Amino acid sequence: MLTDLGREALWAYRSDYRAPADFDAFWASTLTEARGHDIDVRVTPVETPLRTLDVFDVTFAGFGGHPIRAWLRRPRGATGPRPAIVQFHGYGGSRGSALQELHWASAGYAHLQVDIRGQGGVTPDPAGSGPAYPGHLTRGIESRETYVYRRIFTDAVRAVDAVRTLPGVDPARVAVLGNSQGGGIALATAGLVPDVAALHAQAPFLCDFRRASLIGGERPYVELSRYLADRRDAVERVFAVLAYFDGIGFAARAEAPAWFSAGLMDGIVPPSTVFGAYHAYRGPKEIGVWDYNGHEAGGADDLRAVLDAFGPLLEPAGQ
């Protein structure tokens with residue numbers, strides 16, 4: 001069944017979110033500090049049974065100079081600079097196996113799949129955290145300086161910086177994408193790196209936090225509502241922190257062509273929060289709306305649509 005507003009109401013919905021006056025200054029300072037560390041990209045070949053793709057284990061310096069891991073996959077024998085895809089995974093997940101997520105490299109792209117710090121993969125988060133509800137969403141939420149997504153979003157920007165240094169990658173043709181948490185991270189990255197070439201945010205998490213905390217009945221948003229249930233006097237302070245990390249704020253600053261998607265039966269990411277970001281998005285945009293789908297949104301149909309859309313955007317003129 002529908003978990004949120006119907007189609008007509010979603011098209012009319014506009015979020016009450018407002019970005020803090022120093023939103024841009026906060027992120028400019030954060031990224032300047034991070035870029036003070038050498039990007040220190042290290043690329044190690046990985047042996048696999050794949051015959052058409054090469055795979056590499058990549059490490060680069062993220063927030064605080066901390067090492068961030070990723071897989072790089074690219075077509076074997078490809079010549080000339082290739083467009084690149086930077087992908088971010090879902091909440092609590094990982095970069096997975098070297099043998100997964102092969103479609104982007106198979107389609108001809110250099111594909112960097114980032115392992116999010118402190119979640120289910122191989123990249124630790126050296127920074128500590130104060131009290132938090134079990135999970136990741138409330139880690140460090142006491143202040144904008146310590147909130148975990150300050151580190152994660154900075155890592156994502158540095159992933160774009162890193163992929164642009166790699167031999168065989170055209171730095172002018174880098175797209176960012178992800179599902180759920182990955183879509184929210186990709187959206188933030190598009191807002192922080194104004195010259196990325198394209199964005200796909202499939203059922204993006206981390207948007208319209210206040211509404212999501214009130215109507216989202218499943219994890220991860222329930223982590224936020226349960227944290228606040230025990231801290232009744234902290235509500236406004238917490239949302240003042242989250243205002244620096246809300247996808248709607250980044251959407252209003254992003255200019256790359258974008259493809260969003262939402263399933264109207266999504267109990268994890270309320271569709272209205274996706275539409276809140278979509279309506280605020282500054283650049284050219286499209287959205288796929290799937291009446292009978294949940295958090296998977298359009299699934300393989302989304303993938304096909306974005307593969308078709310990214311082709312002309314990321315290929316050089318004349319090809």
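Colleague: Which residues lie nearest the centre of the largest pocket, and how many residues line it?

Modeller: The general idea is that rolling a probe the size of a water molecule over the atoms shows where empty space is left. In this model, which is predicted, the largest pocket is lined by 21 residues, and those nearest its centre are Gln-87, Glu-101, His-103, Asn-179 and Gln-202. Two or more lining residues come from each of strand S4 (82–88), helix H3 (103–106), strand S6 (169–179), strand S7 (198–202) and helix H11 (299–314). H11 gives the most, with four residues, and the volume of this pocket is about 350 Å³.

Colleague: How do the residues of that lining divide into nonpolar, polar and charged?

Modeller: For the largest pocket the lining divides into 13 polar, five nonpolar and three charged residues. The second largest pocket holds about 270 Å³ of space, and among the 16 residues that line it, Asp-16, Tyr-17, Asp-208, Arg-210 and Arg-211 are the closest to its centre. Helix H6 (209–215) and helix H8 (235–242) are the elements that give two or more residues to that lining, which by class has eight nonpolar, one polar and seven charged residues.

Colleague: How many salt bridges does a search of the whole structure find, and which parts does the one between Asp-24 and Arg-253 tie together?

Modeller: The idea is to look for a side-chain nitrogen of Lys or Arg within 4 Å of a carboxyl oxygen of Asp or Glu, and the search of the whole structure finds 23 such salt bridges. One of them joins the side chains of Asp-24 and Arg-253, at 2.6 Å from N to O. Asp-24 lies in helix H2 (residues 23–34) and Arg-253 in the loop between helix H9 (247–251) and strand S8 (258–263), so the pair ties together parts that are 229 residues apart in sequence. Asp-24 is partly exposed at 45% relative accessibility, and Arg-253 is also partly exposed, at 23%.

Colleague: Is Arg-164, which forms a salt bridge with Asp-195, buried or exposed?

Modeller: Since buried means under 20% relative accessible area, Arg-164 counts as buried at 19%, whereas Asp-195 is partly exposed at 47%. The closest N and O atoms of this pair are 3.2 Å apart.

Colleague: What separates Asp-308 and Arg-304 within helix H11?

Modeller: These two residues are four residues apart in H11, and therefore about one helical turn separates them. Asp-308 forms a salt bridge with Arg-304, with the closest N and O atoms 3.2 Å apart. Asp-308 is partly exposed, with a relative accessible area of 46%, while Arg-304 is exposed, at 55%.

Colleague: Which residues are linked in a network of salt bridges?

Modeller: The network links Asp-22, Glu-33, Arg-144, Glu-145 and Arg-150.

Key:
Residues numbered from 1 in each chain as written. Predicted model: local features only at pLDDT ≥ 70, side-chain atom pairs only at ≥ 80, totals over all residues. Heavy atoms only, no water. 1 Å grid on protein atoms, 1.4 Å probe; cavity = no way out; pocket = protein on both sides within 12 Å on 5 of 7 lines; lining within 4 Å. Points joined across faces, edges and corners; volume = space filled by probe spheres on them. Nonpolar A, V, L, I, M, F, W, Y, C, P; charged D, E, K, R; others polar. Buried < 20%, exposed > 50% of the residue type's maximum accessible area, 1.4 Å probe, protein only.
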